[in-house]
Amino acid sequence: MASLETAANPKKLRRVAIDPLTRVEGHGKVTLLLDAENKVHQVRLHIVEFRGFEAFIEGRPFWEVPVTVQRLCGICPVSHHLAAIKAMDAIAGYSHLTPTAEKLRRLMHYGQILQSHAVHFFHLASPDLLLGFDSEPTRRNIVGIAAAFPDIAKQGVLLRKFGQEVIRHTTGKRIHGTGAIPGGVNKALSAAERDTLRAGIDQMIVWARDAVRMIARLHEVHPAFYNGFGGFRANMMGLVDRHGALDLYHGGLRARDADGGPIFDHVDYTTYEKVLTEEIKPWTYMKFPHIRALGPEAGWYRVGPLARIQICAYVPSELAEIERRDFLAIGDGKPVHGALLYHWARMIEALHAAEVIRDLLDDPDIVGTDLMAERGERRSEAVGVIEAPRGTLFHHYRVGEDDLVKFCRLIVSTTNNNQAMNEAIRAVAAEYVDGRVLTEGLLNHIEVAIRAYDPCLSCATHAIGQMPLEVDLVDADGVLIDRRRKNFGGA
Amino acid sequence: MSDSDSSFTLDGRIIAFAPGQTILAAATAAGVYIPHLCAHPDFPPHGSCKLCTVTVNGRDGSACTIQAAPGQEVRSDTPELHEIRRVLLQMLFVEGNHFCPGCEKSGRCKLQALAYEIEMLSPHFVQFFPHREIDASHPEFFLDFNRCIMCELCVRASRDVDGKNIFALAGRGRESHIIVNSPSGKLGDTDFAATDKAAEVCPVGAILRKEIGFATPIGARLYDHAPISRVDLAGQEK
């Protein structure tokens, strides 16, 4: 499969571009190189936008960063907010939080998980799954879902809305609020706000479980298709708590191989550089992280719901754990790797998020007013990691004595999934496109595989000054005369 | 003395004034808001931002500098004057680097609040994107010159109230900028203190206390529930 990354002789091949990718966050495209018989020789996912947040975070005061970095994204700003604040807690000298502050941060995070998973599944992915990959493209969207399945569309919209309301009550706004500040949070949850959310959460749990069951039924109809589509063996990585359970807010790094065997476990995420590194390739702005000990060829991995649900020992909420066991049963004791199974795992997490929200709302601490912790010794460097809806999210900062950020590195979920997404589209291209007459429906199969990863392309490209660049000088016959390369890493 | 000897009309409303009061001060005392930015009740008029431009007996001028006089016919709430103010605000926004989404002054910034008040929907003009420095040398405060609108309130406060003369305006035209009066040019090498008047007068996010940004939640900030016109007249604005 890896051979489809670069064609041996690209000049004689026909180029087909899926540009832009639709129903994903951000701007990207896929290019395929085909020969005269439509045999596929090269498939690449390109992220064509450039954001550069790492560069303009540098030089800013550290307490401003958790708010600024949210503007990376409109879908999961809370994840960036919390990853940054976890680092800035340490920078400012806070080694722990008050119980209320930590629970309020968890509440906003699980609200974020619920709304992001809902928007992805119902608004972006369900048109493919419910209407068909090659259904009429003008109706293959949330409006088409609302026409064909009005109850499902309504549930999706209201699940998302509920998650956004959780975020609003904890950060002041549905999108891009404040909320977390170094050492705690700036806003208590009033009893009235708690009661408002509590009144709605039971219905959300029901709808989230319905969504899990809906995907299970879709799988039941075409199990081989769902298990195999866009599938490939891959390592998996995510955070787990000290018991090995799923914890989307905090924990240690765990990596498992494609058979579920251990690679590393309970790694303190502040030492992530010991176990992970990144590779740069010339044809995309997005970097390729991998497990250092395994190298770039064998060390890439998958993050996000499909990885998290399978590497954790259990999901610590009753209904979601029942659904997880049903899900694991399809692998007969082994991890499963089909791209479409992401949706199933994602909705199990949405159900878990709804259950966690309910439990947090029932906790008396959630309406506490002790919001700020005691301050300890300041630090000059810190790492914050969180499980964002799309996967593991790293924020790494160094701050000078003058309080200004001197170094910023963001390794976002979509970047962690970069190689996996490329593998997924190569698997689909090899199986569904290779040697066939191209149609919109066939090309949508490739988009379906990418969409399963719920990529946030605008979050993923930031390393200004490190962008790989390749310039070829060719003569009129297309013969390469000279080539200049810059910032190529090992490629 | 008759009423007409100590009053003028503002948009048809009779406004009483005390001897020596400016049009802006008299209007504010009478509960009528005239948009303004560089004016501050604790300092003599400055007349630099021109946001308070009104039409007095047919001629435009700054309400913060023109003395109230008997029988003046003053116009402020007109589409033409609002358009002038909107353009002035747009020029202030594009001249500096004002990124409200990441600014801790958001929600309590006069420039932002006025943009809402006057319904400035876009910067309209091409951004200058000037290169401006941040001075984080002081242990308790930092200066972000990206957001400075050169109202000189800090200059006036430091000179006239604090007696320290820490800030000054340097350069001309597009090169105008605030400088710090110390051998290094850094705030950390001055005796600037949290108790200084200059530490509290900045209407934008150019002079900020370190490490307290975003401590006030959205919903509890100065302009979250009422526009600057009401906040100002209620005397909450400082």
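Asp89(A) is in contact (heavy atoms within 4.5 Å) with Tyr94(A), Leu97(A), Arg105(A), Ile181(A), Pro182(A), Gly183(A) and Gly184(A), leaving aside its neighbours within four places in sequence. The residue Asp89(A) lies in helix α3 (residues 77-92) of chain A. Helices (H or I, at least four residues) and strands (E, at least two) are DSSP runs, numbered from the N terminus. Asp89(A) is buried, at a relative accessible area of 7%; buried means under 20%, with a 1.4 Å probe and protein chains only.

The model is predicted: local features need pLDDT of at least 70, side-chain atom pairs count only at pLDDT 80 or more, and totals for chains, interfaces and linings use all residues. Residues are numbered from 1 along each chain as its sequence is written, chains are lettered from A and ligands numbered from 1 in the order in which they are written, and side-chain values use heavy atoms, without hydrogens and water.

In chain A, three strands form an open antiparallel sheet in the order β1-β2-β3. Two strands pair if DSSP finds at least two bridges between them. Strands β1 (14-18) and β3 (40-47) of chain A each have a single partner strand, so one side of each lacks a neighbour in the sheet. The twist averages 20 degrees from one strand to the next. Strand β2 (residues 28-34) of chain A pairs with β3(A) over seven bridges. Leu34(A) has Val40(A) in β3(A) as its bridge partner.

In chain B, the buried residues of α2(B) include Leu81(B), Arg85(B) and Phe93(B). Their cover includes β3 (53-56) and α3 (110-117) of chain B.

Methods: Buried < 20%, exposed > 50% of the residue type's maximum accessible area, 1.4 Å probe, protein only. Axes fitted to C-alpha atoms, helices over the stretch in contact; angles between N-to-C directions.
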